[in-house]
Structure formats: structure tokens, C-alpha cells
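This report goes from the whole chain down to a single residue. The sequence and the model come first.

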Amino acid sequence: MIEKFYHHAFFGAAFFVFLYLSFTYNILLWDAAAFFCNARVFAGIPSYFEWSRAPLWPIILSLWPDETFARFLSAVFSTFLLIAVYILTREIFGKDSAFFAALLLFFNPLFLFWSGAAYSDVPAILFLTLSLLFLIKDGKLNLYFSMLFFIMAFLTCLLYTSDAA
């Protein structure tokens, strides 16, 4: 019971750390701004548009095309990624390893940076982790969910370039 409380407290504290990091960036960096502009176009607001960007993250952001929403979603997806890594590691290696894996991910400086930026990488890794989580479970329905999340990961971090060289 107490162990469960510590895990919930850890994930709750992580969410507030991610939320703090999301709002400490005063400007949107280039990629985040491009995704945000694409989201505005998907929402019907005329804006700059880059065709080379993956479509799913801007579509998700277009539900409420506001910079505050993009930053909040970044913190939410980062927290869900931390929980998904915990669950995936618990399914494979056990509770102690799962909490250690979540701690390692949380204290990774690169993850802390990406969790504070409104980039598409954290949602893509979340969808990929969920795909792996459903893949290791038995059943045809879990296989379909695994494929769905894999496609969502691909559509979130798709990189397209028109250069043939």
C-alpha cells in the first residue's frame, strides 16, 4: 500500500516538474513553432505551413490551437510516457526494475529537455512504448492495438524530405 503511494506520488511530482519545464521556455523553438503553425492550419486558422512535418502531432494540437495547450500537452504526454515505461518494464522485469527504469528516464537530462518542449518526439516515443506494451501481451485485440499505436508513432514522428540526393 505504501509502495503504491510512493509510485503515485512520484508520477504526480513528475507531472508538475514537466509542467514547470514546459512553461519555463519563454519561446517556442523552431520545430515546436512549426508544429504549432501546422496545428493552426488544421484548425482552420491561416498560418505558415510545412508539408514535411508529421501530421498527427499537429492534428492533436489543433483540438485547441493555443501555445498554452501545446505546452500542457507536452507535460501530459511526458508523464504518460513515464508511466508507460514503468508498466512495460514491470511486465517484463518486475516492480523494482520498473521503478528504477522510470527514475532513470525521469532524471535523464535529454528527456527533461524534450518533455519541456512542445516537440513531437515524446508523443512518438509514448505511442511506440504503448505499441510494445500491447505487443508483449497475448490476444488478437492486443495485436491490433499494438499496430494502431505503432502507426500513430510513425505518423507523429514521420520525417519527409523531397531531396533525392
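Accessible areas come from the Shrake-Rupley method with a 1.4 Å probe, and for residues only the protein chains shown count as cover. On that basis the protein chain exposes about 9,800 Å², and carbon and sulfur atoms supply 72% of this area.

The model is predicted: local features need pLDDT of at least 70, side-chain atom pairs count only at pLDDT 80 or more, and totals for chains, interfaces and linings use all residues. Residues are numbered from 1 along each chain as its sequence is written, and side-chain values use heavy atoms, with hydrogens and water left out.

The protein chain has 8 helices and 0 strands; helices (H or I, at least four residues) and strands (E, at least two) are DSSP runs, numbered from the N terminus.

| Property of the protein chain | Value |
|---|---|
| Radius of gyration (over C-alpha atoms) | 17 Å |
| Box filled by the C-alpha atoms, along the principal axes | roughly 50 × 40 × 30 Å |

A compact globule with 165 residues would have a radius of gyration near 15 Å, by the rule of 2.2 Å times the number of residues to the power 0.38. The value for the protein chain agrees with this.

Of the 165 residues, 41% count as buried, where buried means under 20% relative accessible area, exposed over 50%, and partly exposed in between (1.4 Å probe, protein chains only).

Ala 153 lies in helix 8 (residues 140-156). Ala 153 counts as buried because its relative accessibility is 9%. Leaving aside neighbours within four places in sequence, Ala 153 is in contact (heavy atoms within 4.5 Å) with Ala 124, Phe 127 and Leu 128. The C-alpha atoms of Ala 153 and Leu 126 are separated by 7.7 Å, and these two residues are 27 residues apart along the chain.
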